[in-house]
Amino acid sequence: MSLFRYKVLLLVLFFLRSIPSIALVKPPEFDDSKKYISAHAGGVIKFKGHYFLYGENRSDHEQGVSIYQSSNISNWKYKGLALDINDVNKFGKGDYFVERPKIIYNKKYDDFVMWFHVEEKNQGYKAALVGVARSKNILGPYSLVSISRINKLFRPINGNLVGERKANLINRRDFASGQMSRDIGVFIDDDDKGYLISTTEDNATIAISQMGDDYTSLTGKYIRVQPGRYEEAPVMFKIQGKYYLITSGTTGWKPNGATLYESNKVFGAWKRLGSPIISKDPHDIKTTFHSQGSNVFKYNGILIFMADNWNTNNLAKSRYIWKLVQLDSSGKPRIYE
Ligand code: GAL
């Protein structure tokens with residue numbers, strides 16, 4: 001075979017290899033028993049060759065965090081509740097619901113840690129608590145470690161309180177009782193340091209807080225990002241040494257436009273880059289493809305942005321949007337149509 005033909009063959013083989021994996025990137029819909037997948041505002045974690053999809057279980061008969069398993073991110077098998085709301089209620093002695101669970105693997109302790117937003121029913125999201133639970137088994141059951149506010153008695157490390165007045169006042173107000181934490185995301189850096197990203201200060205600000213080495217607590221080291229911009233649903237990831245954050249606006253279950261931030265360090269200066277969405281349809285940009293982000297995960301070298309297409313009339317019927325994250329010509333990550 002000539003060198004030219006050999007190169008063409010290699011190219012064809014490369015495309016044959018990559019096309020099926022891209023084609024497989026479709027959001028989950030039904031599990032292997034034809035039931036709607038109920039795993040909202042969660043994530044996907046890979047462990048020992050298997051993928052685990054988890055999220056808010058919003059079906060009538062179960063509540064808490066559900067988990068599904070797959071070897072190919074197309075066929076999902078329901079593995080039950082990883083976290084049962086009854087256990088959260090028992091632990092916190094209250095009547096709670098949980099949102100936006102995130103599971104991370106701790107290499108050092110060889111166990112799994114779940115972080116989630118905790119609210120008291122019918123209290124209008126005033127509690128703004130974060131829950132932590134831990135399990136030796138990825139599928140759970142996860143045992144409760146704590147339910148609390150964040151960064152109690154700690155000041156942010158990024159200097160004095162600069163930014164919007166109202167947000168600053170709330171930060172000061174909550175210094176002694178602990179800062180609010182509503183929508184959350186998690187991020188594990190290459191040096192295995194863990195971070196919790198929270199919508200805080202009555203949704204005015206995003207806080208990035210460092211976790212301790214077992215990922216079940218916070219060290220008190222945190223920064224405030226963009227005080228007063230009112231953003232939530234934080235999704236953090238790293239590409240080629242740069243850190244990125246995608247947030248949504250704060251319009252409840254109604255979709256809005258996402259914002260992309262970039263920084264050279266987790267505790268660095270986060271720069272606002274505008275919308276990450278690339279689409280011919282301006283409506284996609286205004287509504288983030290009619291969805292709100294929840295996580296980013298890697299599948300066969302491809303980065304996938306997971307988002308929730310909330311059904312405001314019936315949240316249990318909400319569906320999912322999965323889109324590819326790719327670098328544009330200037331090297332910035334974009335979410336493509
Ligand atoms: C959304 C948030 C959801 C949920 C909802 C309640 O903006 O991202 O997780 O808290 O508000 O209105």
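So, Asp 183: one of its polar side-chain atoms sits 2.5 Å from an oxygen atom of the ligand. That's a polar contact, meaning a pair of N or O atoms within 3.5 Å; within protein, one must be able to donate a hydrogen and the other to accept it, and residues adjacent in sequence count only if both atoms are side-chain atoms. Before I go on: this is a predicted model, where local features need pLDDT of at least 70 and side-chain atom pairs count only at pLDDT 80 or more, while totals for chains, interfaces and linings use all residues. Residues are numbered from 1 along each chain as its sequence is written, and side-chain values use heavy atoms, with hydrogens and water left out.

Gln 292 has a polar side-chain atom 2.9 Å from a ligand oxygen, and for Arg 100 a side-chain N or O atom is 3.0 Å from one. Taken alone, the ligand exposes 310 Å², and the protein buries 88% of that; those areas come from the Shrake-Rupley method with a 1.4 Å probe, and for residues only the protein chains shown count as cover.

Which residues surround the ligand? They are Glu 99, Arg 100, Tyr 125, Asp 183, Glu 232, Gly 252, Trp 253 and Gln 292, where being near means having a heavy atom within 4 Å. By class, that shell has 2 nonpolar, 2 polar and 4 charged residues. Ala, Val, Leu, Ile, Met, Phe, Trp, Tyr, Cys and Pro count as nonpolar, Asp, Glu, Lys and Arg as charged, and the others, Gly among them, as polar.

Let's stay with Gln 292, as it turns up again in a sheet. Five strands form an open sheet with mixed pairing, in the order E17-E21-E20-E19-E18. Strands here are DSSP runs (E, at least two residues; helices are H or I, at least four), numbered from the N terminus, and two of them pair if DSSP finds at least two bridges between them. E17 (277-278) and E18 (292-299) are at the edges with a single partner strand each, so one side of each has no neighbour in the sheet. E18 runs antiparallel to E19 (residues 302-309), with 7 bridges joining them. Gln 292 has Asp 308 as its bridge partner in E19.

How many cavities of 30 Å³ or more does a search of the whole structure find? It finds 2. On a 1 Å grid over the protein atoms alone, a cavity is a set of points where a 1.4 Å probe fits but cannot get out, and lining residues have an atom within 4 Å of a point. Grid points are joined across faces, edges and corners, and a volume is the space filled by probe spheres set on the points.

The largest cavity has a volume of about 60 Å³. Its lining includes Gly 252, Trp 253, Gln 292 and Asp 308, and by class it has 3 nonpolar, 5 polar and 2 charged residues.

The second largest cavity has a volume of about 40 Å³. Asp 308 is in that lining too, along with residues including His 40, Met 306 and Trp 322. Strand E1 (40-47), E19 and strand E20 (319-327) are the elements that give two or more residues to it. The lining has 7 nonpolar, 3 polar and 1 charged residues.

Last, two backbone details. Gly 140 and Pro 141 are joined by a cis peptide bond, with omega about 0°, and Pro 141 is in the loop between strand E7 (129-135) and strand E8 (143-148). Asn 151, a residue other than glycine, has a positive phi near 55°; you'll find Asn 151 in the loop between E8 and helix H3 (165-173).

Notes
On a 1 Å grid over the protein atoms alone, a cavity is a set of points where a 1.4 Å probe fits but cannot get out, and a pocket is an open set with protein on both sides within 12 Å along at least five of seven lines; lining residues have an atom within 4 Å of a point.
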